[in-house]
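I opened this entry to keep a record of what I looked up, item by item, before moving on to anything else.

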Amino acid sequence: MAARPDTLHDLVEKAGHILVFTGAGVSAESGIATFRDALTGLWANNDPQQLATPEGFIADPARVWGWYQWRRQQLLSREPNAAHRAIAALAQRVPKVTVVTQNVDDLHERAGSDAVIHLHGSLLTTRCFDCEKPAQVPVDEVPLDGAAITPPSCGHCGGMLRPGVVWFGEALPEDAWQRAVAAAQSADLVLVVGTSGLVYPAAQIPQLAWEGGATVVHVNTEPVPVAAEREHSLVGPAGEVLAELLG
Ligand code: BV8
């Protein structure tokens, strides 16, 4: 349903608790490829859903570790975009804003959002694949696009280090999940920004909020089919749409 923008502006002004639920599309204008985009360079012939799994890591640790090191390197040279900044600024004028992201980058934090809930972990953390102890690994070598890099060994048990992200087939962090569910149950407005809604259980969060009586506004470069009342689709790049809606 295409709501008149002024009614959506009213909803933002009157909201007590806004839940902002983001996916890879919110970072697209920062130059970070989304999951659905063809992987760039030498990764083009790899399927992220094969690489982003424990099985993919066990099968070829150097290829998976190299991919994540390359992605970390890319992230260090990227900046938050207007969408991240509009979301961060929202917290100055709404009593409560909760940001729940599927993304593993730190662009919401670098734009100024606090207490961001990461359902799929973080590209910037590392832990041991075996003993699960956290580890610090600099992105010192500049991995070439597509370079395979042997993962470092754990200082405690000698196991292989892995990125601190949630892979397909792995459980989401329980605390993050519970906090996201609680936010969905108490929000009165949900902005769903830049997600294809294909990955579960994360994709349940906007639905939970809608079932709790919230109004859901999708922001996406593609129209999102909206079947119910209290659901709207705004089409366009998140940076432009959010600057207009939240400006
Ligand atoms: C689990 C970290 C169980 C890694 C990622 C039903 C219930 C539960 C599970 C399942 C289920 N069905 C299937 C499953 C399994 C699986 C799953 O969902 N598979 C999918 C593919 C069908 N789920 C899991 O495996 C999850 N774990 O269920 O565990 C369990 C329980 C107990 C014990 C053991 C196991 C774990 C899933 C987490 C996977 N990890 N990321 C990494 O990043 O390398 S997911 C990955 O996809 C990213 O996090 C990404 O964010 C996420 C979702 O994708 P999107 O964010 O939506 O990005 P996408 O590219 O798809 O879309 C971008 C959108 O933006 C598009 O709509 C585009 O139009 C739009 N856009 C583009 N540019 C812009 C824009 N919009 C606005 N402005 C723009 N400029």
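This is a predicted model: local features need pLDDT of at least 70, side-chain atom pairs count only at pLDDT 80 or more; totals for chains, interfaces and linings use all residues.

**Domains.** I began with the domain assignment, which gives domain 1 as 1–32 + 80–120 + 172–247 and domain 2 as 33–77 + 123–165. Taken over C-alpha atoms, the centres of domain 1 and domain 2 are separated by 28 Å.

**Interface.** I then looked up how the two parts meet, and found 14 residues of domain 1 in contact with ten residues of domain 2. Between them, domain 1 and domain 2 bury about 860 Å², with 61% of this on carbon and sulfur atoms. The side of domain 1 that touches domain 2 consists of seven nonpolar, four polar and three charged residues. I searched this interface for salt bridges and the rule returned zero, while the count of residue pairs in polar contact between domain 1 and domain 2 came to two.

**Ligand.** Which residues are the closest to the ligand? Of the 37 residues that surround the ligand, I noted Arg-36, Tyr-68, Gly-169, Thr-195 and Ser-196 as the closest. The shell is made up of 18 nonpolar, 14 polar and five charged residues, and domain 1 and domain 2 each supply at least three residues to it.

For individual atom pairs, I recorded a backbone N or O atom of Gln-102 at 2.7 Å from a ligand oxygen atom, and a side-chain N or O atom of Asn-103 at 3.5 Å from an oxygen atom of the ligand. A polar backbone atom of Glu-170 lies 2.8 Å from a nitrogen atom of the ligand. On its own the ligand has 1,500 Å² of accessible area, and the protein covers 74% of that.

Technical notes:
Residues are numbered from 1 along each chain as its sequence is written. Side-chain values use heavy atoms; hydrogens and water are left out. A residue is near a molecule or strand if one of its heavy atoms lies within 4 Å of it. A polar contact is a pair of N or O atoms within 3.5 Å; within protein, one must be able to donate a hydrogen and the other to accept it, and residues adjacent in sequence count only if both atoms are side-chain atoms. Accessible areas come from the Shrake-Rupley method with a 1.4 Å probe; for residues, only the protein chains shown count as cover. Ala, Val, Leu, Ile, Met, Phe, Trp, Tyr, Cys and Pro count as nonpolar, Asp, Glu, Lys and Arg as charged, and the others, Gly among them, as polar. Domain bounds come from an automatic or database domain assignment. Contact means heavy atoms within 4.5 Å. Buried area is the accessible area (1.4 Å probe) that two parts lose on being put together, summed over both. A salt bridge is a side-chain nitrogen of Lys or Arg within 4 Å of a carboxyl oxygen of Asp or Glu.
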